[in-house]
Amino acid sequence: MRLPLGRGAIRRGLQISGAFVRMDARDTLNYPLALGMQQLGAIVPVVTFLFVSKLVNRNGPDVAGDYYTFVAIGIIGMRLLSAGLESFSSQLLRTINQGRLEMLLVEPIRWTMLPFTMVQWNMVLAFATSITVLLASLALGAHYNWAGVLGAILVAVLGMAASMGVGVLNASVKVLAKRADPILTVYSLAATILSGVFYPIDTLPSFLRNLSWVIPHTYVLQALRRALMPAGETLPGPSFWVAFFALLAFCLVIYPIALFFFSRSMEYGRKTGVLSGY
Amino acid sequence: MVDPIIKINGLRKVYLPSPGWMRLLIRTSVTEPVIALDDVSIEVRPGEICAVVGPNGAGKSTMFRVLTGLTTPTSGSATILDRDTTDRSHDLLRSIGFSPAEHRTIWLRHTCRENLVFHARLQGIPKKDTARRVDNMLERVGLGHAAERVGFALSSGMQARLMLARALLHEPRVLILDEPTGSVDPVGSYELLEIIKKLTIENQLAVLISSHRLDEIEALHDSVLLLDRGKEVYRGDLDSLRGEWERPQIEIGFSGEKEAMAATDVLRATKGVEVKFTEGSRVTVSTAMPMGQLLTVLNGRVGDIHTVNQTKIRLQELLATMLHREGDNQL
């Protein structure tokens, strides 16, 4: 297995990413109603939690004094991380269903480059949607620390990269299983419960709370809240930089493993002739 | 003689049933080993078109998959420009132009130009050369006027041309076309094949083309590989194939049905003559016997003969006969 590293590989990666972004962007813009509905659908959770926050009326130090902003950041973060997790698998399935996988695999592209180059538009779209959600929550009364935006972007990108690593691991099963997303399903369920999207993880029983810190999502949400909430520094748990380096370490561990398994799956699919089936 | 570009030697591909753990992921219908290719050998030189013919399940697509690196052979070898296709090196892949049977492989919501530009990027064609190459290729396949038309708005024939343009854009040495005229009307097919023939000569390409339409294979006037259930039934040029297998059909018209029936009895009793059918006053026979000798057999009835026509057996019939005999041998 060769990792897609080095200057030449990066230049080539950008060239291929650019080609996919162009085609995928056109595809998305060809369906304006679907795009509009998607943006509208993304706002619904922050509207719902406006009322939930009034009901809960919880503004203690574990939510940095503002439950609504706390949960709005959780929703935005979760959206970005889901894009990182699911994009490659969904792109792969779409390519198989549209009969384009074989054609793609005979192009002179390293297979380990596909997870990075095929998903760029989804990432851009996820960022755009997150901005829509952020603006909607702002209009509904959330408070943000604008000085922390750059840090938030940095950690969001790193978080998406970490999620993509898990997504690549999932794709190595998907290449052979076609429809099933076992790793994604288990991971997403765990992340939704344990990462503290809707509640502080201190609310969890202690044995689950310890498990929370195994999942990169928890670090991303922690760092995002610390960066974006006006009283974010008062939140219990690791600091922004601890969360940042934990994510970095996770990326360094997950990518070689995920790319190794993806590469092995592709080779196995090639040998058995199941790559283009569905 | 020029060295071959494509060399396949004793190629064998066996698809094995999935192991138990794999059946947890996805169920397949393969319960015992399937021999998709069995000891197939072929060579294709620059400027040569080899038609790969055979019924469904003959192994045509598997052979193409091996050549394009999409699957690996169980034994034997396949090389292109002396590079093993199992390597999947970028140089190897750049030397292949591939057009799969599936028309959906083009981006149907995008224009012809966008489809080709996308392919150019994946092939690593420099940006400064892309526009010129795309325009040039669209012109060569007769799609210059439809450059801004989206895939959905193209006829099947035009989609096939776009796929051909995509396969040729990066200037490959080898062209592998899996049923390029599958859903194209006869006129469109003829035009497409003419383009392929012209480009093969001009660019000195080694071309492998599969088709179910035998009139097209005949129109290519080149070599043929006949496959059946993964085995090679015939390999060589079409003229040798005809020489080896073909026996001309002779249709003899008599003055009446009674005379035709009487002549049929005589011909049936003659060694080396096969009576294909008798219809009204006409008898059709297949024989390698010279015409004069055949008329001598009918000596007593020459006065009843009104017409004699000699016709060539159609390629379709010829290949069907060969496949049938091969099947008999296997049984």
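## Helix H6 and Ser137(A)

Helices are DSSP runs of H or I of at least four residues, numbered from the N terminus. In this predicted model, one such run in chain A is H6, which spans residues 120–139 and contains Ser137(A).

Ser137(A) has a relative accessible area of 0%. Since buried means under 20% relative accessible area, Ser137(A) is therefore classed as buried. Leaving aside residues up to four places away in sequence, Ser137(A) is in contact with Val46(A), Tyr68(A), Ala72(A), Ala142(A) and Tyr144(A).

## Chain A overall

Chain A has 11 helices and 0 strands. Its pattern along the sequence is accordingly written α-α-α-α-α-α-α-α-α-α-α.

For 278 residues, a compact globule would have a radius of gyration near 19 Å, and the 19 Å of chain A agrees with that value. Along the principal axes, the C-alpha atoms of the chain fill a box of roughly 60 × 40 × 35 Å. Of the 278 residues in chain A, 53% are buried. Among contacts with a separation of 6 or more in this chain, 78% are between residues 24 or more positions apart.

## Surface and charge of chain A

Chain A has an accessible surface of about 12,000 Å². Carbon and sulfur atoms account for 70% of that surface.

## Nonpolar cores

The largest nonpolar core has 106 residues, and the members that touch the most others are Ile6(B), Met63(B) and Leu208(B). Helix H3 of chain A, residues 67–97, supplies the largest share of this core, with 14 residues. A second, separate core has 47 residues, including Cys112(B), Ile125(B), Leu220(B) and Leu226(B).

The contacts of Ile6(B), again without residues up to four places away in sequence, are Ile42(B), Glu43(B), Val44(B), Leu67(B), Thr79(B), Ile80(B), Val174(B), Ala206(B) and Leu208(B). One of these contacts, Leu208(B), is also among the core members that touch the most others.

## Helix H2 of chain B

Helix H2 of chain B covers residues 60–67 and is largely enclosed by the rest of the structure, because 6 of its 8 residues are buried. The buried residues in H2(B) are Lys60(B), Thr62(B), Met63(B), Phe64(B), Val66(B) and Leu67(B). Of these, Met63(B) is one of the residues named above for the largest core, and Leu67(B) is touched by Ile6(B).

After H2(B) comes Gly69(B), which has a positive phi, near 80°.

Key: Residues numbered from 1 in each chain as written. Chains lettered and ligands numbered in written order. Predicted model: local features only at pLDDT ≥ 70, side-chain atom pairs only at ≥ 80, totals over all residues. Heavy atoms only, no water. Helix = DSSP H or I, 4+ residues; strand = E, 2+ residues; numbered from the N terminus. Buried < 20%, exposed > 50% of the residue type's maximum accessible area, 1.4 Å probe, protein only. Contact = heavy atoms within 4.5 Å. Rg over C-alpha atoms; globule rule 2.2 N^0.38 Å. Areas by Shrake-Rupley, 256 points an atom, 1.4 Å probe, with all protein chains shown as cover. Core = buried A, V, L, I, M, F, W, Y, C linked by side-chain atoms within 4.5 Å.
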